[in-house]
2 protein chains.
Amino acid sequence: MRDPPAIELHGRPLGGGKVPHVCAPLVGRSREAVLEELRIVLSKGPDLVEWRVDGFEGIGSAAEVVRLAGELRQRAGPTPILFTRRSTHEGGEPIPIGEEAVIELYEAVCASRSVDLVDYELSQPAENMARLRDAARRSDVRLVASFHDFQRTPPQEALVERFQAAERSGADVAKVAVMARGLDDVLTLLGATLKARQALRIPIITMSMGPLGSLARMFGWVFGSSVTFAIGDAGSAPGQVPIEDVRTVVEVLRRALGDAP
Amino acid sequence: MRDPPAIELHGRPLGGGKVPHVCAPLVGRSREAVLEELRIVLSKGPDLVEWRVDGFEGIGSAAEVVRLAGELRQRAGPTPILFTRRSTHEGGEPIPIGEEAVIELYEAVCASRSVDLVDYELSQPAENMARLRDAARRSDVRLVASFHDFQRTPPQEALVERFQAAERSGADVAKVAVMARGLDDVLTLLGATLKARQALRIPIITMSMGPLGSLARMFGWVFGSSVTFAIGDAGSAPGQVPIEDVRTVVEVLRRALGDAP
């Protein structure tokens, strides 16, 4: 079995090249809460942490965000950081700033080089994605272009099209997360993952959300997803599984799949 | 999430109703080897054991087979026994007796009431299946009608048709095992499992074979398969996983799926 590709950061493969990379979200409201979450999460040894800045009460001030990003950077040591503002219509928290200010926030955070990757939604204006791509490249930050559907799982062809749109946008990584309302939805997502993995040159991140989606979070890597989001302290989306459980299942699968073609 | 149904034996659900039932095969050549295998396998606490009689050197003598079945029964205590002759064209060992003698062997084993289930192949003549069904009913033994393809995974509709043919044959359980040559084959098998689970009234057993198939052996129960075959001592088909590993993954999945719809 061919493993999904490792994500490259600063010329080196993330997590020493070990896939799936396990990513733990930070969703705290206050500076103290985020730092405490980081402390707990790091003790579980994730391959990267995602700061979900839409949950942060200080998001209205770019200076405050850049300052906390710097603190996270310092305390995270070698663990890479993914910086994400999730919009309300893709499952995020309401924030007091408009999209132009959001882009400026991303640009400031990239320029600070406190984070290693940034996630931006494909559903936002293309010119924003282009600006962000340039800002990320200037600072050796990787850009993840993401698509979320919290209501349902679109048909397989539509999902593959989303992956391709992410690649066309110039992103370094394509992410698709969709709600599983039935087990057939999980199979659709895994089938789309398999197809996208073959069709795209960039690494992909895929998951089903919701309790049934936990299946895809644990074995989606076998079908080509390079990253799985797992709970270090508090979850950020429905169906996330504790890091320890993901690691246990990955180890068993790796042993079982061993020399699979 | 609705669990697949437990298999009923003598009016009680197998394994206390806990699914998936984990089944460990016995494949030894000599009486001593089979008994030693049973000892090792029982220490892992499987929900049932399958005696693959086509591997047994004494298969030419019905009396010898019935005698060993009785010994297995005595030593297995409360653990149910599935009795299976797998033919060479469905992955079994060559045997020195013809199909009429095989049916008489099954009839003698049923009459001895030393086993709880018998497996017979759908590809054999329908009148044999009917004779075996009657013999099984007379002795309160459950009949598993099975289909194997060691070369490939047929399309989903063809697989569902195999399940339905098993139900039409009057079997108590329908089993389908097919070779996974790629990950798309695993998705096809799981999709067929989901459909068959909805279409059939009897419990089903499904699996993909080969290293990639180990995926379906570990989470096929989520899609509706009531039994998974796992290695207690020696495996009987490609892609089988140790009992301990199956149990570990099932536990994690059960926690993760918890209250899934």
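1. In this predicted model, Arg254(A) pairs with Asp3(A) in a salt bridge whose closest N and O atoms are 3.2 Å apart. Arg254(A) belongs to helix H8 of chain A, while Asp3(A) sits in the segment before strand E1 (8-9) of chain A, so the bridge ties together parts that are 251 residues apart in sequence. Both partners count as partly exposed, Arg254(A) with a relative accessibility of 33% and Asp3(A) with a relative accessible area of 29%.

2. A salt bridge also joins the side chains of Asp47(A) and Lys18(A), with an N to O distance of 3.7 Å. This pair links distant parts of the chain, since Asp47(A) is in the loop between helix H1 (31-42) and strand E4 (48-52) of chain A, Lys18(A) is in the loop between strand E2 (12-13) and strand E3 (21-26) of chain A, and the two are 29 residues apart. Is Asp47(A) buried or exposed? Asp47(A) has a relative accessible area of 10%, and because the cut-off for buried is under 20%, Asp47(A) counts as buried; Lys18(A), at 45%, is partly exposed.

3. Glu36(A) is partly exposed at 37% relative accessibility, whereas Arg39(A) is exposed, with a relative accessible area of 53%. Separately, Arg31(A), Glu32(A), Glu71(A) and Arg75(A) are joined into one network by salt bridges that share partners. Over all chains, the count of salt bridges comes to 44.

4. Asp185(A), in helix H6 of chain A, is buried, with a relative accessible area of 13%. Leaving aside residues up to four places away in sequence, Asp185(A) touches Thr153(A), Met179(A), Ala180(A) and Ser208(A). Asp185(A) and Gly213(A) are 28 residues apart in sequence, and their C-alpha atoms are 8.6 Å apart in space.

5. Turning to the interface, the contact takes 27 residues from chain A and 27 residues from chain B. The area buried between the two chains is about 2300 Å², and carbon and sulfur atoms give 85% of that area. Two salt bridges are counted between chain A and chain B, and one of the bridging pairs is Arg255(B) with Asp245(A), the closest N and O atoms being 2.7 Å apart. Two residue pairs are found in polar contact across this interface, both at pLDDT 80 or more.

6. Which elements give two or more residues to the side of chain A that touches chain B? They are helix H6 (183-199), helix H7 (214-223) and helix H8 (243-257) of chain A, with H8(A) giving the largest share, eight residues. By residue class, this side of chain A divides into 20 nonpolar, three polar and four charged residues.

Definitions and conventions: Residues numbered from 1 in each chain as written. Chains lettered and ligands numbered in written order. Predicted model: local features only at pLDDT ≥ 70, side-chain atom pairs only at ≥ 80, totals over all residues. Heavy atoms only, no water. Contact = heavy atoms within 4.5 Å. Buried area = accessible area lost by both parts, 1.4 Å probe. Salt bridge = Lys/Arg side-chain N within 4 Å of Asp/Glu carboxyl O. Polar contact = N/O pair within 3.5 Å; in protein donor to acceptor, adjacent residues only side chain to side chain. Helix = DSSP H or I, 4+ residues; strand = E, 2+ residues; numbered from the N terminus. Nonpolar A, V, L, I, M, F, W, Y, C, P; charged D, E, K, R; others polar. Buried < 20%, exposed > 50% of the residue type's maximum accessible area, 1.4 Å probe, protein only.
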